[in-house]
Amino acid sequence: MDLRVDQPLWLLLLVPILIYFMWTWKKEKKVFRKEGRVVFFLRLLAIFCLILGLTNPYLLLPIKEEQVLFLVDRSASVQGTDSQVTSFIEQSLSSRKNTQLVGVYTFAEDFQSEVALTAGEVNLPVFTPMKAPGNTDIARALQLATGIVEPSKATRIVLFTDGLETSGSVQDELVKITGGNVTIDVVQLERVSSEDVAITSFETPPIAFEGEQQQLNVQLEATTNTTGELLLYENDQLLSREQITLEQGANSFTFRNASSGEGLLKYEVQVVVSGDGLIENNKLTSVTNVESSPHLLVVTHDGNRSNIPTVIDQAAIQTDVIDASALPFDLSNYLRYDAIIFDNVPGHAVGEQKMTVIEQAVKNFGVGFMMVGGTNSFGLGGYFKTPIEKLLPVEMEIKGKHQMPSLGLVIVMDRSGSMSGSKFEYAKEAAARSVEMLREGDNLGFIAFDDRPWEIIETAPLSDKQEALDTILSVGVGGGTEIYSSLALAYENLAPLKLQRKHVILLTDGQSASSGDYQTLIEEGSKDLITVSTVAVGQDADRALLESLAEMGGGTFYDVADESTIPAIMSTETAMISRTYIEDNPFYPIIYGDAAWTSLFTDGVPQMNAYIATTPKQTASIIAESEKEDPVLIEWMYGLGRTMAFTSDSTGEWSGDFARWNHWGDFWNTAVSRLLPAYSEVPFTIQKASDGSYTVTDPSGKSSFLEVAAVNEKGEELPVSSEPLAPGKSRVTVESDPGLVFFRVSNEEDAVYQAGISIPYSEEYKVQKPNTNKLEMIANRAGGKMLTDASEVFRTIDLKSSERQSIQQMLILAAILLFFIDITIRRFGFRQLLAPFNMNGKKKKMVETTASTSNVEKLVKGKKKR
């Protein structure tokens, strides 16, 4: 037990006080009586207690309890070691002392509790699967472990790991731990031996020209002699499949390929080996920037032919034509093109995911985009509130001057258990978009059904759009599927309403539990001008029934395989019930804009038959508009890319005399040329550093500031942190999973460069030995040792553990008592102070009093006798 103080400087007050008391004692000791001397020393002791109390004194009391934490690395690099660790811990527990608390925790990139710190019996459970085994963060695990224990108790952490950390710095964390009440023992782990082949390197030329023979180099590492297949892909298309023989250790292979495309070209190499230990290290990607003439992608739908490729200059512009169903999901496949044109393509044939990727290609990488009209485009195509609407210079919703027919819409949506998950969320989002397209006063009903219909929103004029949206989005899933009664309720609600358009949208992914007379229901409803469209979601829906309902009800049947297309379908249906979207009165467009456009119309403006009404966005530039002041041709910049909307068509049915006009080809060539990226490319260099960051440099020295954006293959913008190192030079850190990441680098002069960066798989999946040097460093710096014997885990911890017990209040209380005694002595003297304790004095006084009383009584008796 030790006495210690936190603020020893207060003790300096004792110096002048002692001098004063010594001077007083020397001067007055001759006149001090016995009581005075006692008071003098009591006062001195009380002042000493007060001053000592000011120093915040405490006692260090020894603690017998010790804490032992097992901290187990369960990342991919130590895969298969769980049983080895469990056996080691169980053996060590046999030598555990009663005073030792035990806890078991696991980690990889994250941290999990398996057995909380306890003084009771420890029964090891089956370890919980790790959420992110692809990285090892020893530093964070130690930080969290030391935060769990009581710092006043001696603690030993037993760290099971191979020392292969892929994030964090254990050295930095040891600086905080060293010198504390914690020691760290280390048990070395090593991945259970298994046959494994890993692709360690895949290099392709950063820049190449179209037709140039490119050399692609692959490095593989094998743990044993084996055979397998090596596959090479170009933009997700298989280029080569080669049988290979691998020797233990490093192996090299070379491919040669002449690219026929241009732009950012994605290469991917994959190795397939029977019985491979880890599949995570069997694939790598790389990117080559292929330079050539401009490349245009024209997208059509359902076999409809586009006239655009036939009228543009094929010698100057390479053109690919594909159906919307063949649109890719990956960003790299869009960056091959300089511009994309949707020619009368419905949104449900594209889907939200692909729209999001296209939006990123336009915004961050300068790919041009144009939408061309028709019965499947713009608002009628279901693009309301989609990423495509966001990038276009027009809004799908018609505002202002257009007269809309009175509408009644009832949405009948399946909420059975099979709809749970993303399917139901997309469906609710779709219904919400439909509501947003309605006007105040339009009639809306919403019926959600499981084994019975639930009328969530009664069919009535829409008065509070936000309340309706909140109600729809709050609906949850239920039980079975009952279609007929739900559809009959929708018809019943719409029939008596006096409206120009009455429509039902039925969406389900199952089959009705009961049958009904659908034909009679729909025939009766058609007399009241009610139409019905149906949406079949997934493989279990009753397609035959739904298709026949749509056919009888004068609506459209949609067969949905991709859940993300549901919102576009619902938007399309909501738009279709108002045919005023199509303006079909012949007119002569009014032309605006710069000379690139106006020069085409020096001989006059041809007549146009029809277009789809839209609303121009505020900063867009109108090139041609109708007599009703609706945009026919309009453009703007969205991020780095220029986008255009042509609300008429390319076939001549709507565009009328334009399609027979002698400048029709010039019109489309001008449109495409304006869509092409207009920025000047600067070859910024991008180099990867050892810590996983990237150094981006302008070698020309013309840039002061660099701006970097990063997007993954799915079109998702990634978090980027950028640190300027010098003018025209920055360190960039990107948070991304393994795969391709596309960088867009720009400077203050709007010079832009795009590049694809391959993020390889984590170091965890490489074939490598444990980092023994790091493990020994951890043990040495943290006062522990490398363990091989389980019985050593619970050896005595050399650190002294103790807890603080403050005595400040006790000293203050003592000082108060001493002052109270001082006052009592000076006021009443020692006798009064000691009276309660002087029992002999009390007895003597009582005897004297008794004797005196007896004598008086005798005198009184004698007097009476006389």
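**Helix 10 and helix 15**

At roughly what angle do the axes of helix 10 and helix 15 cross? In this predicted model, the axes of helix 10 (residues 422-437) and helix 15 (residues 566-576) cross at roughly 25 degrees and come within 8 Å. Helix 10 is therefore roughly parallel to helix 15, a term for angles under 35 degrees. Axes are lines fitted to C-alpha atoms over the stretch in contact, with angles from 0 to 180 degrees between N-to-C directions. Helices (H or I, at least four residues) and strands (E, at least two) are DSSP runs numbered from the N terminus.

**Nonpolar cores**

The largest nonpolar core has 50 residues. Such a core is a set of buried Ala, Val, Leu, Ile, Met, Phe, Trp, Tyr and Cys residues joined through side-chain atoms within 4.5 Å; buried means under 20% relative accessible area (1.4 Å probe, protein chains only). Helix 8 provides the largest share of this core, six residues.

Ile358 is in contact with Tyr334, Ile340, Phe342, Phe369, Ile388 and Leu391, leaving aside neighbours within four places in sequence. A second, separate core of 31 residues includes Met413 and Val560.

**Phe111**

Phe111 belongs to strand 5 (residues 111-118). The C-alpha atoms of Phe111 and Glu429 are separated by 36 Å.

**Basis of the values**

Residues are numbered from 1 along each chain as its sequence is written. Local features need pLDDT of at least 70, side-chain atom pairs count only at pLDDT 80 or more, totals for chains, interfaces and linings use all residues, and side-chain values use heavy atoms, with hydrogens and water left out.

Definitions and conventions. Contact means heavy atoms within 4.5 Å. Angles under 35 degrees count as roughly parallel, over 145 as roughly antiparallel, 65 to 115 as roughly perpendicular and the rest as oblique.
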